[in-house]
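Q: Could we go through this structure together? I would like to understand how its parts are arranged.
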Amino acid sequence: MPDQLRSDVRLLGGMLGTILAESGGEDLLADVERLRHAVIGARDGAAVPGEEITRLVASWPLERAKEVARAFTVYFHLVNLAEEHHRMRALRERDDADNPPRESLAAAVRDIRAELGEDRLRELVAGMEFHPVLTAHPTEARRRAVSTSIQRVSAQLERLRGAHPGSSEEAEAHRRLLEEIDLLWRTSQLRSTRLDPLDEVRTAMAAFDETIFRVVPEVYRTLDTAVDPEGVGLRPSRAKPFVRYGSWIGGDRDGNPFVTHEVTREAIAIQSEHVLRALENVCGRIGRTLTVAAELTPASGDLLDTLATARAGYPRVLGRIAKRSPDEPHRQLLLYAAERLRATRERNADLAYPGPEALLADLRVVQESLAAAGAVRQAYGELQHLIWQAETFGFHLAELEIRQHSGVHARALAELRAGEEPSEQTAEVLATLRVVAWIQERFGVDACRRYVVSFTQSAEDVANVYELARRALPTGRAPVLDVVPLFETGADLEASPRVLDGMLELPEIQHRLAATGGRLEVMLGYSDSAKDVGPVSATLRLYDAQAQLADWAQRHDVRLTLFHGRGGALGRGGGPANRAVLAQAPGSVAGRFKVTEQGEVIFARYGQRAIARRHVEQVGHAVLMASTPAVQDHAAAAAERFRGTADRIAEAAHTAYRALIDTDGFAEWFSRVSPLEELGDLRLGSRPSRRSAARGLADLRAIPWVFAWTQTRVNLPGWYGLGSGLAAVSDLDELHAAYQEWPLFASLLDNAEMSLAKTDRTIAGRYLALGDRPELTERVLAEYDRTRDLVLRVTRHRRLLENRTVLSRAVDLRNPYVDALSHLQLRALEALRTESEHLSEGDHEHLEQLLLLSVNGVAAGLQNTG
């Protein structure tokens with residue numbers, strides 16, 4: 001472990017120990033330390049059998065067990081924080097203008113310029129798009145209060161490390177750090193009430209306020225510098241804004257009855273409030289500092305005309321501004337723009353901007369005037385950042401996307417066509433479409449025009465949305481809609497080109513293609529496809545679907561954007577986003593990448609500015625490189641060479657996976673061996689874990705499916721079936737060659753390796769035994785052994801994650817402490833499963849709380865939920 005990271009972990013761990021002793025006495029600290037030493041000893045090969053750890057955990061009263069579980073959970077929060085600080089230090093140390101770090105925008109520009117020349121580089125940069133879509137899927141186990149407490153701890157750690165050794169500032173930072181850790185310890189880890197959708201909207205706004213709004217122009221500046229380092233900040237930008245944020249939070253109503261048309265309307269209002277306030281603050285700040293005198297920097301005729309027009313309409317506003325900034329016309333126009341932004345935010349229609357285009361017109365008048373007067377540093381410095389922010393976020397911050405299940409639309413139309421009185425659900429569908437029309441009138445078409453249809457199986461599912469829109473607003477005021485089909489199951493992925501053929505025959509689609517220059521969007525679901533056919537088959541079917549859709553788009557001269565519905569966990573298409581881009585089928589990226597950023601991933605990627613900037617840069621790098629002939633040709637050649645091998649793997653893996661989950665009683669067994677049913681009590685989000693009241697696997701959402709397996713330390717959705725698939729190919733040299741040469745296969749094995757590294761066979765066996773189905777336990781563990789053995793043999797690694805030292809270190813550091821929480825969880829789960837009828841009401845409540853505390857802690861320790 002790097003010295004600074006080790007020092008931070010020891011410092012924070014020691015401070016937590018101090019707090020534990022202060023609040024719970026030395027006995028509490030001693031119990032925590034006994035368990036800590038026991039699990040570390042078990043990992044290190046010392047004679048600490050699992051039975052001894054089980055006895056230790058069982059010896060404590062339930063109140064003490066809960067305190068110990070909370071202590072390990074808080075410890076994980078602090079370790080995660082220490083690692084986050086280490087990542088930021090590493091990013092700063094690697095920041096070398098002359099030698100750009102790998103997977104950066106500057107590195108991509110350098111390589112593409114060398115390979116393809118300047119003209120092709122400029123073309124690729126001009127066409128690049130990255131469209132992250134924030135979702136409220138319930139995968140963030142931490143309470144918002146816990147997250148903000150951790151941020152305060154982070155600020156004090158930064159302050160402590162920046163203070164001069166031995167100074168009074170260092171002593172005060174040390175005291176404040178202890179104070180914040182004490183507060184984190186005393187903050188409940190569990191939510192007492194379930195989040196509603198607007199809570200989720202406000203939570204996402206924290207990421208925008210703290211990082212996203214400020215990081216985006218920094219990334220653009222980096223790209224501008226890389227494309228043309230001469231004269232950066234002295235000339236018009238060579239980089240166009242390429243990031244566009246979207247959001248499903250408050251718009252995704254598939255299976256979530258709490259997302260209503262009122263919620264959608266309020267969600268866009270909250271987003272607008274945040275972005276308008278941010279733009280107003282920046283505009284006002286730049287305006288107050290832009291004290292360039294007219295005699296030294298004369299204003300252009302356009303700027304003077306703009307001020308004269310404003311003065312004629314709003315003499316009091318302009319008079320007040322002119323009195324504060326006489327003979328400073330550039331400053332006056334920016335301060336006037338800030339006033340208009342405030343009026344827009346406060347719904348003062350008289351002074352408000354009609355839309356972001358009017359704001360941008362004013363900002364460009366100021367920029368062009370400054371440049372014409374020779375003040376180019378002022379024209380293309382901070383003012384350019386504000387222009388980029390207005391171009392990226394508009395007045396709506398992120399495009400709010402609507403999602404609904406195709407079956408809901410079909411039922412609604414059946415009622416309306418039959419002339420029946422609309423049911424509550426049908427009335428809600430119509431009201432939602434009316435709200436979309438209102439949003440477009442208020443904030444512009446780009447604020448809300450995409451309508452995602454879950455479980456699309458035919459072009460009729462797309463046509464239904466357009467018909468419903470006409471019925472909702474029959475007077476010709478129907479909103480502009482880009483209906484996006486979502487293909488989720490294995491069968492739907494295979495049928496996707498046929499569905500698109502049908503879509504091309506729809507007049508509404510033909511109209512939108514003509515209006516957008518042939519642009520069309522298709523969404524691919526990673527979560528349900530993996531749950532349906534297993535991780536290996538889903539990976540290959542998704543790849544095939546991408547290849548077929550890219551070929552379809554080329555044949556029909558359509559500019560296709562593939563929208564990747566990836567989750568945070570590996571069993572739901574998670575993993576490093578930049579590596580995922582480079583593993584896509586040739587031709588399927590074409591300079592554009594759209595992807596969901598879900599739950600815990602939002603805060604992992606956007607919690608700190610340095611990490612957020614690195615994430616956007618890595619994806620931007622991958623989008624540019626994946627669009628080059630060299631990368632596409634290499635991937636195409638590898639896919640062609642190893643396709644037969646991959647098919648054999650996929651077929652055997654699929655057979656093994658379906659054989660397991662199709663076993664009679666599997667759903668009941670899964671519920672018994674995992675905390676699946678108890679996860680709902682964590683109140684992670686507003687959406688129910690099942691689409692209906694049914695209790696089978698088909699109705700279970702992918703998130704709790706993955707989350708529950710993660711808690712059992714089995715991580716089954718990330719690897720099950722891969723061992724059987726690899727075993728179907730006898731040529732290990734061929735498999736190793738595929739791993740070396742085919743990015744898709746390498747990504748598949750590397751992600752499985754990560755899941756295997758987070759799996760603990762011994763502890764997993766204890767969970768599986770709770771189901772009293774030894775044949776299922778044996779089957780799962782045998783597949784684990786087979787998969788682990790063959791993955792190591794194919795990759796030629798001596799141990800899991802051998803080639804990923806940073807990740808390996810993080811997993812090794814955490815595993816013993818996760819073991820401690822697993823032992824505590826097993827105590828609760830075993831009692832709830834086998835002794836429930838004999839437990840008192842108080843003990844039952846304590847056991848459930850212990851279970852949920854441990855679930856929260858394991859999620860923090862493994863750094864993913866679902």
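This is a predicted model: local features need pLDDT of at least 70, side-chain atom pairs count only at pLDDT 80 or more; totals for chains, interfaces and linings use all residues.

Q: What joins S4 to S5?
A: Four bridges join S4 to S5, and the two strands run parallel. Within this part of the sheet, glutamine 404 stands opposite valine 453 in S5.

Q: And in which sense do S5 and S6 pair?
A: Strand S5 (residues 450-454) pairs with S6 in the parallel sense, over four bridges. Tyrosine 451 has valine 483 in S6 as its bridge partner.

Q: Is S6 mostly covered or mostly open?
A: S6, which spans residues 482-487, is mostly covered, with six of its six residues buried.

Q: Which residues of S6 point which way?
A: Asp482, Val484 and Leu486 point one way, while Val483, Pro485 and Phe487 point the other way, and all are buried. In a regular strand, side chains alternate between the two faces of the sheet.

Q: Changing topic: how many salt bridges are found in the whole structure?
A: A search of the whole structure finds 72 salt bridges.

Q: Which residue meets aspartate 8 in a salt bridge?
A: The side chain of aspartate 8 meets that of arginine 89, at 3.2 Å from N to O. This pair links distant parts of the chain, with aspartate 8 in helix H1 (residues 3-43) and arginine 89 in helix H3 (residues 62-94), 81 residues apart.

Q: Why does aspartate 8 count as buried, and what about arginine 89?
A: Aspartate 8 counts as buried because its relative accessibility is 0%. Arginine 89 also counts as buried, because its relative accessibility is 15% and the cut-off for buried is under 20%.

Q: What is the partner of arginine 470?
A: Arginine 470 and glutamate 508 meet through their side chains in a salt bridge of 2.6 Å, N to O. Here too the pair links distant parts of the chain: arginine 470 lies in helix H18 (residues 459-472) and glutamate 508 in helix H20 (residues 507-516), 38 residues apart. Arginine 470 has 42% relative accessibility, so it counts as partly exposed.

Q: Which residues are linked in a network of salt bridges?
A: Arg152, Glu172, Arg175, Arg176, Glu179 and Glu180 are linked in such a network.

Q: What does glutamate 830 meet in a salt bridge?
A: Its side chain meets that of arginine 766, at 3.1 Å from N to O. Glutamate 830 is in helix H34 (residues 805-834) and arginine 766 is in helix H32 (residues 761-769), 64 residues apart, and the pair links distant parts of the chain. Glutamate 830 is partly exposed, with a relative accessible area of 24%, and arginine 766 counts as partly exposed at 21%.

Q: Tell me about H34 itself. How many residues does H34 have, and how far does it reach?
A: H34 has 30 residues and reaches 41 Å from its first C-alpha to its last, close to the 44 Å expected. H34 is mostly covered, since 23 of its 30 residues are buried.

Q: Where does H34 bend?
A: H34 bends by about 35° at asparagine 815, and proline 816 follows within four residues.

Q: Next, where is tryptophan 669, and is it buried or exposed?
A: Tryptophan 669 is in helix H27 (residues 666-673). Tryptophan 669 counts as buried because its relative accessibility is 2%.

Q: What is tryptophan 669 in contact with?
A: Leaving aside neighbours within four places in sequence, tryptophan 669 is in contact with Trp709, Leu768, Gly771, Arg773, Leu776, Thr777 and Val780. The C-alpha atoms of tryptophan 669 and alanine 769 are separated by 9.9 Å, and these residues are 100 residues apart along the chain.

Q: What does the side chain of glutamine 584 reach?
A: The side chain of glutamine 584 reaches the backbone oxygen of alanine 580 at 2.3 Å. Apart from neighbours within four places in sequence, glutamine 584 is in contact with Tyr526, Tyr543, Gln546, His564, Arg566 and Val589.

Key: Residues are numbered from 1 along each chain as its sequence is written. Side-chain values use heavy atoms; hydrogens and water are left out. Buried means under 20% relative accessible area, exposed over 50%, partly exposed in between (1.4 Å probe, protein chains only). Contact means heavy atoms within 4.5 Å. A salt bridge is a side-chain nitrogen of Lys or Arg within 4 Å of a carboxyl oxygen of Asp or Glu. A polar contact is a pair of N or O atoms within 3.5 Å; within protein, one must be able to donate a hydrogen and the other to accept it, and residues adjacent in sequence count only if both atoms are side-chain atoms. The expected span of a helix is 1.5 Å times one less than its number of residues. The bend at a residue is the angle between axes fitted to the seven residues ending there and the seven starting there. Two strands pair if DSSP finds at least two bridges between them.
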